[in-house]
Every structure is written in structure tokens, then in C-alpha cells.
Amino acid sequence: MTEYISHSLQETETIAGEIASTLSNNQVVALLGGLGVGKTTFTRGLVSAFGVDSGVHSPTFAIVNEYQGDVPVYHFDMYRVTDEDDLYSTGFYDYLGRGLVIIEWSENVLDYLPADTVFIELAYGEDENTRIIKRK
Amino acid sequence: MLILSIDSSATAASAALTDDSKLIGEFFTNTDFTHSRTLAPMIESLLQVTDKKVSEIDAVAVSNGPGSFTGVRIGVAVAKGIAFPDDIPCMGVSTLESMAYNLTLTDCVVCAAMDARRNQVYNAMFRIQYGEVYRLCDDRAISLIDLKAEITEKYNDDRIILVGDGAQLALRELMDLPLNVELAPESLRYQRASSVALAARARIKAGEKPSAHSELLPSYLRLSQAERERKEREQKASE
């Protein structure tokens, strides 16, 4: 496990970029952490390292956004997905192995993720701009 | 009877035209999930090179699952789209059943297995005897461990041949056991439209009729959330 401390949105993106450089093109990255903790900011930093520099937003309603970077990037939001049959009917399994997969609200689908998933836990720090980022 | 058969239930996609006695044409690609862009042009090209028109088609057969959610939906949607203008009847064929028709050349037990993730497969067992296919159980989602137990108990005297994109997974589970088990050669291992056609032809021969395209539905072997919630509500209401 590696731990990072971020003091700003900017820094969160930089840390995400650092982590991105260690990932394979078909990696599944699961983000853990509640509302406003910086999951989308982290995602923005992560995918910009893969050549996606605009249009990143939370796909809460669409469930998945696709971005074309240096590799295809699939950005999931599992907020409304609650079990395995749901997950299947998002087409999630059809995306694995075809590009970088990033999952917000992965808490809802923890039992169904691939064994080699990289977990990123985001939590509030001491003050309102501080975040603790753990890679597991 | 001119049948257009379609398969896009996993990573490969294919379309075939058959009449009562022969395979007239088949188009097969395995280029990962591009079915939404490639399946319709494939069918168009197939009709063009075989000099047939959509209006001449007597039935559309499609592997309607189990399989990839996206793939199954595309196959069924394309079948319905082609059938709609001329009211061509349709027939959904189990993907697993269609693969059993890859192996009618030899007497054996076919174990059809498609990867359902997390050490599970979509599976059904078939017996091939004198070129005929006999179903031994319903399509199901089953863990590899349960499948292994069942095969050890029931089929330890048989020659077992594995087909499907879960065949390797199943083989890994079974190869240390004293079983007569083997992988189908690659050209016969996966689902394809010509096998869907053979399965449909066998069903029609047995008296089943293709039905209205509106009755054609995907068969995922899973319930969608809406279906499950409705079931729960109905269960509560009836208590």
C-alpha cells in the first residue's frame, strides 16, 4: 500500500498522474470514497496521463463515459448499480481487457471486480482541502 | 426454406444463409466488439454476393443468449430489424445449443461453456449420437466447481469435448481428473451462424415453427433489475 497526501485539486491530479504511469493499458482502477472526496478530480488526473484532456465528468446517469485517449478509457459510475445482474446489464464485462477502466462508487460492486483490480481509496484529511489517497 | 442466421453473442460475429439442403454463404469475423458497426454491413454483403433479397428470406434465426450482454442485444436487435418490414418470422436459438452442432461428426458428450466471469460459466451438456444432437440439461449459469462435480459423476465413461469461449477454463478444472476430455479444435470451438442455422433447421424439422419477430427476446440467464423488483413486489403482494 502507498499513501499520498494532497492539499489541493491540482495536487490530487498530479498524484493521479503519478499513479497512472505505473498502470497497464487494460488496468481496472476502482475508486473508493464518498461524496466530494475527489474521485472525479482523481479520474481527470489519471486519464490525462493517458491522453484524455477534456470532457471528463461523472457518468452518474449515463453509467459509463467513453474517452478516446492513447488507449480507450471507460469511466464508470456504479452509484445506481447494486448487484451482479445489474452490473452485467451495464455491459461492464464487455469492456474488460479493451482499455483502461475506472470505476467510481466501486463500493457497490466490490465482490464482482477482477482479481487484479487496483484500488484507490480517497478520504478527507485534516482540513477542508486536504485528502488522503491510498493505493492498495 | 431460406434462413438467415446471425450470431454476435460474444467477441466473434457471423451471418449465414442456408436453404433446406445447403449452406449458401457465410460471413465470419472475430475483431472484438465491433458488432454494432459490422453486423449489418456483413449481412448486406452476404445477401449481395449470394444474390438474395431480404424479401426472399423465410426465417431469421439468431443465437439469443446466453453470452455477452451487449453482443446478445445487438444480435437480437439486428434480427428484429431485418424481420420487421416484411414480417419475417424469427427463431431464437440457444448459443450453447448452436455450438453442439459444431461437433455432429463424432459421437461424444459436448460440454458447451461460455465465460460468465468469476469462475462461472454458462453451460449446457449435449449428447451427439449418429449425427443427432440430444440435450442433456437446460442452459444455466454454473460454477466451475459444480460443473466439475457433475461431469465426474455423470460423464466419466464418455468422450467429452469442450466448446465455447469458456472451454479453456473448463479444461483447466477437468484436466487432472481421470476423464476422457478434450478441447474442440479452434475452427469448431466457437459459436457461428452456420451452426445456428443447423440448430434452427433441426428444430423446424422437429415441428417447431419460427414465431413473430415481436416474440423474439434475448435470453441472458440473468434477470434484469426491473424484472427482479417486479418479481419481489409480486411475491410480497401474494403473501
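Reply: Start with the contact, meaning heavy atoms within 4.5 Å. Here the contact takes 16 residues from chain B and 14 residues from chain A. In chain B, R117(B), R118(B) and R222(B) lose the most area to chain A, together 41% of what that side buries. Buried area is the accessible area (1.4 Å probe) that two parts lose on being put together, summed over both. Between chain B and chain A it is about 1,400 Å², with 42% given by carbon and sulfur atoms.

Me: What kind of model is this, and what conventions apply?
Reply: This is a predicted model, in which local features need pLDDT of at least 70 and side-chain atom pairs count only at pLDDT 80 or more, while totals for chains, interfaces and linings use all residues. Residues are numbered from 1 along each chain as its sequence is written, chains are lettered from A and ligands numbered from 1 in the order in which they are written, and side-chain values use heavy atoms, leaving out hydrogens and water. pLDDT is the predictor's confidence in each residue, from 0 to 100. For chain B the mean is 93, and 96% of its residues reach 70 or more. The model scores ipTM 0.76 and pTM 0.86.

Me: How many salt bridges are counted between chain B and chain A?
Reply: A salt bridge is a side-chain nitrogen of Lys or Arg within 4 Å of a carboxyl oxygen of Asp or Glu. The count between these chains is one. R118(B) pairs with E84(A), the closest N and O atoms being 2.9 Å apart.

Me: Which salt bridge involves E97(B), and what does the pair tie together?
Reply: E97(B) forms a salt bridge with R203(B), with the closest N and O atoms 3.0 Å apart. E97(B) lies in helix α3 (residues 95-100) of chain B and R203(B) in helix α7 (residues 193-205), so the pair ties together parts that are 106 residues apart in sequence. Helices here are DSSP runs (H or I, at least four residues), and strands are E runs of at least two, numbered from the N terminus. Both E97(B) and R203(B) are buried. E97(B) and R203(B) also belong to a network of salt bridges with R135(B), D139(B) and E208(B).

Me: Is D158(B) buried or exposed?
Reply: Buried means under 20% relative accessible area, exposed over 50%, and partly exposed in between (1.4 Å probe, protein chains only). At 16%, D158(B) counts as buried. Its salt-bridge partner is R127(B), at 3.0 Å between the closest N and O atoms; R127(B), at 25%, counts as partly exposed.
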